[in-house]
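Colleague: I would like to learn how to read a model of this kind, one feature at a time. Could you take me through it?

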Amino acid sequence: MMAVTGWHALLYKETLRFWKVGFQTVGAPVLTALLYLMVFGHVLEDHVKVYGSVGYTAFLVPGLVMMSVLQNAFANSSSSIIQSKIMGNLVFVLLTPLSHWGWFFAYVGSSVIRGLAVGLGVFVVTMFFAMPSFVAPVWILVFALLGSAMLGTLGLIAGLWAEKFDQMAVFQNFLIMPMTFLSGVFYSIGSLPPFWQGVSHLNPFFYMIDGFRYGFFGVSDASPWLSLGIVGAAWLVVSAIAVHLLRIGYKIRG
Amino acid sequence: MPAISFQSVSKTYPPSRQQRAQGKQGLRAVDEVSFQIEPGEFFGLLGPNGAGKTTLISMLAGLSRPTAGAISVHGFDVQRDYAEARRQLGIVPQELVFDPFFNVRESLRIQSGYFGIKNNEPWIDELLQSLGLADKATANMRQLSGGMKRRVLVAQALVHKPPVIVLDEPTAGVDVELRQTLWQFVARLNKEGSTVLLTTHYLEEAEALCSRIAMLKLGKVIALDRTSELLKSAASNVLRFKTDAMLPWAIAQHARITGRIVQLPAQNAHEVEQLLAAIREAGVAVEDVEMRKADLEDVFIDLMAGEQTPLEVAR
């Protein structure tokens with residue numbers, strides 16, 4: 001029988017872990033997003049209109065919120081596992097009856113919680129600068145949950161794979177960061193030349209941000225249903241990989 | 001049903017890329033180990049560094065997988081029925097690890113939660129009290145001394161009341177007070193029915209606590225018996241004296257030398273006379289000469305030296 005008993009304790013521990021250093025894990029990314037909004041919004045507000053009538057600052061807010069959700073969901077699971085591996089305290093979890101499913105639910109769940117907490121923080125501080133509309137709130141929630149789960153799962157894989165902080169930095173700075181930045185956070189891909197539009201459509205992060213933005217404006221570069229299908233399928237694939245790695249104890253059980 | 005069962009357990013670590021390039025084989029850390037520990041036993045697992053003790057415990061704990069053989073805890077296979085096997089086990093790891101985000105009580109509550117235990121406060125309070133941690137309950141783990149961190153490791157291992165307790169060198173580098181606190185507490189749990197598996201380099205602790213002992217050398221069990229039988233098997237008594245001078249090599253190679261204290265195996269009065277005569281002839285001045293019974297350390301040294309005992313070599 002699958003022993004998932006106790007996963008809620010790991011979820012609680014992982015949530016408490018980031019909450020205890022909330023300035024670093026929630027406050028700092030909120031401030032970073034605010035600085036992006038102030039700089040880019042100030043420079044581009046009077047020069048750029050998106051989807052015909054949406055002001056640039058209002059357009060930017062959902063992108064920044066989603067970017068923060070994704071990056072922090074990734075950071076939560078990846079940093080927790082690599083730190084625990086290097087400090088040796090992962091043994092406290094390894095010695096328990098928790099199943100690989102329990103590990104998965106707890107690490108991904110806590111990443112979702114941190115991603116949503118940061119996203120909410122970014123939204124609250126940026127709404128003083130521009131208040132986007134809420135045309136389809138369900139899509140907002142669906143893509144926020146799916147996007148944070150996707151990045152939390154990727155963080156779990158990265159944490160298991162990396163053996164030192166340097167390897168984690170490679171994963172974060174050469175994969176996650178470029179894919180997030182080049183996914184349409186700061187622009188609509190409709191404004192790109194056809195070749196780069198095509199390239200953007202190969203980036204699954206684009207669909208997360210585009211679908212999330214659809215919930216605010218009711219307009220997007222791709223159909224939200226297509227985005228949901230692609231992001232959902234991508235999450236199932238990375239989840240299958242993560243659960244498999246946990247089941248075989250990849251790099252955590254000798 | 002045994003509390004712990006090792007059946008033909010082997011563990012081979014594959015060679016590194018560099019070792020493979022040099023044509024080297026992997027390291028066989030544990031080699032066909034088989035023995036059982038009965039419920040309620042206080043069992044000692046002894047051996048020098050690299051003998052395979054920690055590898056064996058890692059496989060028991062599910063931290064690594066055997067290359068061959070089977071391990072079970074109260075009948076639960078540690079691979080197939082890992083969840084039930086781990087519920088039976090409370091393992092105090094050798095390394096002094098801790099989670100710097102939490103205080104002592106939080107660490108114990110979280111560890112209880114991993115085992116699905118809610119409202120474990122009475123037992124957590126008892127553990128804190130018994131291990132001298134009551135006044136440190138709200139202290140962050142980073143603020144604790146090494147000895148206090150070791151106590152928390154013990155408490156974390158016991159938080160789910162496991163019937164089998166595994167202590168992997170729990171007193172390495174800790175002060176006398178903690179040793180006494182720890183052994184009193186563990187002895188109490190043992191009297192109440194818990195099975196204890198202890199690895200230690202402090203052989204006087206093993207001799208005092210363990211009713212049965214296995215000794216490992218290069219991954220193999222080279223002795224497995226009741227402690228009293230192992231002590232009876234010691235071939236000799238021990239001549240003990242102090243000296244400031246260098247002993248002749250023919251004698252020194254069979255001696256245990258700790259600073260000024262020299263201990264030599266000697267079966268009977270005749271051998272004692274021969275040894276003292278040889279020392280006198282070498283011009284070595286000795287003082288505080290005495291005889292004592294061989295202890296577990298003497299047995300250990302004999303066994304680790306190989307088939308021949310030091311006394312036999314001396315002859």
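Predicted model: local features only at pLDDT ≥ 70, side-chain atom pairs only at ≥ 80, totals over all residues.

Colleague: Let us begin with helices. At what angle do helix α3 and helix α9 of chain A pack, and how far apart are their axes?

Modeller: For a helix pair, read the angle and the axis distance together. Here α3 (residues 56-87) and α9 (residues 204-217) of chain A pack at about 135°, and their axes are 9 Å apart. Angles over 145 degrees would count as roughly antiparallel and 65 to 115 as roughly perpendicular, so α3(A) is oblique to α9(A). The crossing of α3(A) past α9(A) is right-handed.

Colleague: Which residues make that contact?

Modeller: From α3(A) come Pro62(A), Gly63(A), Met66(A) and Leu70(A). Helix α9(A) brings Phe205(A), Met208(A), Ile209(A), Phe212(A), Arg213(A) and Phe216(A). Sorted by class, the contact of α3(A) with α9(A) has eight nonpolar residues, one polar and one charged.

Colleague: How is α5 of chain A placed against α10 of chain A?

Modeller: Helix α5 (residues 100-126) and helix α10 (residues 224-248) of chain A have axes 8 Å apart and an angle of about 130°. That angle makes α5(A) oblique to α10(A). The crossing of α5(A) past α10(A) is right-handed. His100(A), Trp101(A), Trp103(A) and Phe104(A) of α5(A) meet Ala242(A), Val243(A), Leu246(A) and Arg247(A) of α10(A). By class, this contact of α5(A) with α10(A) has six nonpolar, one polar and one charged residues.

Colleague: Now sheets. What is the strand order in the sheet of six strands in chain B?

Modeller: To read a sheet, write down the strand order, then look at the ends and the pairing. This open sheet runs β6-β7-β8-β3-β9-β10 in chain B, and its pairing is mixed. At the edges are β6 (89-92) and β10 of chain B, each of which pairs on one side only. Ignoring direction, neighbouring strands are turned by 15° against each other on average.

Colleague: How many bridges join β6(B) to β7(B)?

Modeller: Four bridges join β6(B) to β7 (residues 164-168) of chain B, and the two strands run parallel. As one example, Gly90(B) has Ile165(B) in β7(B) as its bridge partner.

Colleague: Which helices lie on this sheet?

Modeller: Helix α7 (residues 176-191) of chain B lies across β3 (42-46), β7 and β8 (195-199) of chain B, at about 150° to β7(B). Helix α12 (residues 296-305) of chain B also packs on the sheet, where it touches β3, β9 and β10 of chain B. The direction of α12(B) makes about 35° with that of β9(B).

Colleague: What does the sheet of four strands in chain B look like?

Modeller: It is an open sheet in the order β12-β13-β11-β14 of chain B, with antiparallel pairing. Strands β12 (256-258) and β14 (287-292) of chain B are at the edges with a single partner strand each, so one side of each has no neighbour in the sheet. From one strand to the next, the twist averages 15°. Strand β11 (residues 237-242) of chain B is joined to β14(B) by four bridges, and the two run antiparallel. Within that pair, Arg240(B) stands opposite Glu290(B). Helix α11 (residues 269-281) of chain B lies across β11, β13 (261-266) and β14 of chain B, running at about 135° to β13(B).

Notes: Residues numbered from 1 in each chain as written. Chains lettered and ligands numbered in written order. Axes fitted to C-alpha atoms, helices over the stretch in contact; angles between N-to-C directions. Parallel < 35°, antiparallel > 145°, perpendicular 65-115°, else oblique. Left-handed = near helix turned anticlockwise from the far one by under 90°. Contact = placed C-beta atoms within 7 Å. Nonpolar A, V, L, I, M, F, W, Y, C, P; charged D, E, K, R; others polar. Pairing = 2+ DSSP bridges.
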